[in-house]
Amino acid sequence: MKRLNSQLQQDGAPLELILLIRTLLAGCKEIAFRVSQGALAGVLGSTLSENVQGETQKKLDVISNQILKDTLRESGYVKAISSEEEDDVVPCNPEGNYLVSFDPLDGSSNTEINSLIGTIFSIAHAPQWMEPSDPSAFLQPGTQMVAAGYVLYGPSTMLAMTTGRGTHIYTLDKTHGGFLLTQPNVSIPAQTTEYAINASNQRHWEPAMQAYVADLLAGSDGPREKNFNMRWVAAMVGDIHRVLCRGGIFMYPYDKRDPDKPGKLRLLYEANPMAFLIEQAGGLAHTGSGRIMEVMPTEIHQRVPVLLGSKDEIEACLSYYKAHS
Ligand SMILES: O=P(O)(O)OC[C@H]1O[C@](O)(COP(=O)(O)O)[C@@H](O)[C@@H]1O
Ligand SMILES: [Mg+2]
Ligand SMILES: [Mg+2]
């Protein structure tokens with residue numbers, strides 16, 4: 001079975017990027033170990049770095065953030081980090097060539113019920129002119145990413161990643177500690193009868209989304225003339241993994257509750273990396289008004305609506321937006 005390194009080389013990733021990805025994944029393997037300890041996380045710390053030793057009271061998302069921050073800062077490859085768990089950009093090596101953004105633990109409320117969680121990340125080039133503490137270099141559209149992916153901490157630890165040459169899925173072989181290629185060149189079926197949305201927010205959606213979901217619910221009796229099934233992992237990383245594995249769509253649409261928060265999910269840490277993976281697997285990634293990866297961020301913690309997944313079904317959804325515009 002092919003190793004991650006060989007696939008990255010085959011996809012033409014430069015050596016420094018490969019080394020950075022390996023460093024990032026070393027941090028994720030440490031998180032995987034922590035997560036697998038469940039309620040014992042932080043108690044058994046013999047293999048863990050000094051900075052997180054003894055932090056037994058901290059929640060796993062804070063611990064995961066610390067692990068990734070320490071690992072990336074020490075590597076020297078990274079000029080600055082932006083993280084869902086940090087208010088400001090974290091300056092690293094002024095000579096570093098890359099910027100890394102991450103959601104250290106996505107779906108963190110699932111930790112309480114021993115259910116799916118993961119780390120989502122993206123990597124971009126750091127401009128020469130940039131001061132490490134300057135957030136403006138992170139304010140570039142997702143089209144500038146050179147790599148993105150997630151590590152899913154489930155029954156097995158899995159990695160989905162793209163460097164712009166297809167999306168590949170790997171499984172962590174815990175016997176030797178390496179990621180092995182288990183699903184090369186993922187291709188999301190264009191059509192699907194499976195969708196994911198938190199229906200408890202229904203009253204806050206725009207009319208286009210209300211109409212679209214109403215027609216999905218009407219099933220074979222409605223205009224779509226077929227039955228749909230619904231799934232909700234409550235961790236984007238788990239829902240997107242399902243979409244990559246067997247198709248479907250995932251939506252966290254515009255929500256009119258708070259105009260400052262047009263969606264729940266964060267552009268830099270969640271929407272962009274997942275959009276890159278989905279597009280590289282032949283799917284579509286949209287906000288309802290444009291391609292996610294073309295959104296120009298105005299601040300690092302910006303939120304956006306997301307519609308991701310099987311191409312024909314996302315297009316069907318967008319036709320409702322068009323009809324209501
Ligand atoms: O079920 P809810 O409350 O609508 O929220 C689920 C969404 O919130 C998130 O958990 C947010 O991620 P965090 O755990 O990183 O805050 C997404 O992964 C998920 O899709
Ligand atoms: Mg998240
Ligand atoms: Mg998180």
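**Entry 1: ground rules**

I number residues from 1 along each chain as its sequence is written, and chains are lettered from A and ligands numbered from 1 in the order in which they are written. The model is predicted, and I kept in mind that local features need pLDDT of at least 70, that side-chain atom pairs count only at pLDDT 80 or more, and that totals for chains, interfaces and linings use all residues.

**Entry 2: the two domains**

I began with the domain assignment, which gives domain 1 (4–183) and domain 2 (194–324); such bounds come from an automatic or database domain assignment. Taken over C-alpha atoms, the centres of the two domains are separated by 25 Å. Domain 1 puts 33 residues into the contact and domain 2 puts in 28 residues. Here two residues are in contact if their C-beta atoms, placed from the backbone, lie within 7 Å. On the domain 1 side, the elements giving two or more residues are β3, β4, β5, β6 and β7. Helices (H or I, at least four residues) and strands (E, at least two) are DSSP runs, numbered from the N terminus.

I also checked the UniProt record: an unreviewed entry annotates residues 188–321 as "domain: Fructose-1-6-bisphosphatase class 1 C-terminal". UniProt positions are in the numbering used here, feature names are shortened, and annotations may be inferred rather than shown by experiment. That span is 36% helix and 15% strand, and its end C-alpha atoms lie 23 Å apart.

**Entry 3: the sheet and its helices**

Next I traced an open sheet of eight strands, in the order β2-β1-β3-β4-β5-β6-β7-β8, with mixed pairing. Its edge strands are β2 (90–91) and β8 (178–183), each pairing on one side only. I count two strands as paired if DSSP finds at least two bridges between them. Strands β3 (residues 98–106) and β4 (residues 117–125) run antiparallel and are joined by seven bridges.

Which strands does helix α5 lie across? I found helix α5 (residues 236–246) across β3, β4, β5 (145–153), β6 (157–162) and β7 (167–173), at about 105° to β5. Helix α6 also packs on the sheet, touching β1 (78–83), β3, β4, β5, β6 and β7, and its direction makes about 100° with that of β5. The axes are lines fitted to C-alpha atoms, for helices over the stretch in contact, and angles run from 0 to 180 degrees between N-to-C directions.

**Entry 4: the annotated binding site**

The unreviewed UniProt entry marks D103, D106 and E270 as "binding site". They span 168 residues in sequence, yet no two of their C-alpha atoms are more than 8.4 Å apart, so they gather at one spot.

Is D103 buried or exposed? D103 is buried, with 28 other C-beta atoms within 10 Å. The cut-offs are 20 or more such atoms within 10 Å for buried, 12 or fewer for exposed, and partly exposed in between. D103 sits in strand β3, opposite I120 in β4. Beyond four places in sequence, D103 contacts E84, T119, I120, R266, Y269 and E270.

D106 is in strand β3 too, and is buried with 29 other C-beta atoms within 10 Å. Its contacts, again leaving out residues up to four places away, include T119, I120, M236 and E270.

The largest nonpolar core has 97 residues, among which V100 and L308 touch the most other members. Helix α6 (residues 267–280) gives the most to this core, with nine residues. By nonpolar core I mean buried Ala, Val, Leu, Ile, Met, Phe, Trp, Tyr and Cys residues joined through C-beta atoms within 7 Å.

I followed L308 into strand β15 (residues 306–309), where V306 and L308 point one way, L307 and G309 the other, and all are buried. Strand β11 (residues 249–252) runs antiparallel to β15, with four bridges, and I249 has G309 as its bridge partner. Strand β13 (residues 284–286) is also antiparallel to β15, with three bridges, and there A285 is partnered by L308.

**Entry 5: two positive phi values**

Most residues other than glycine have a negative phi. N114, in the loop between β3 and β4, has a positive phi of about 55°. N114 counts as exposed, with 11 C-beta neighbours inside 10 Å. N185 has a phi near 45° and is found in the loop between β8 and β9 (194–196). N185 is partly exposed, with 13 other C-beta atoms within 10 Å.
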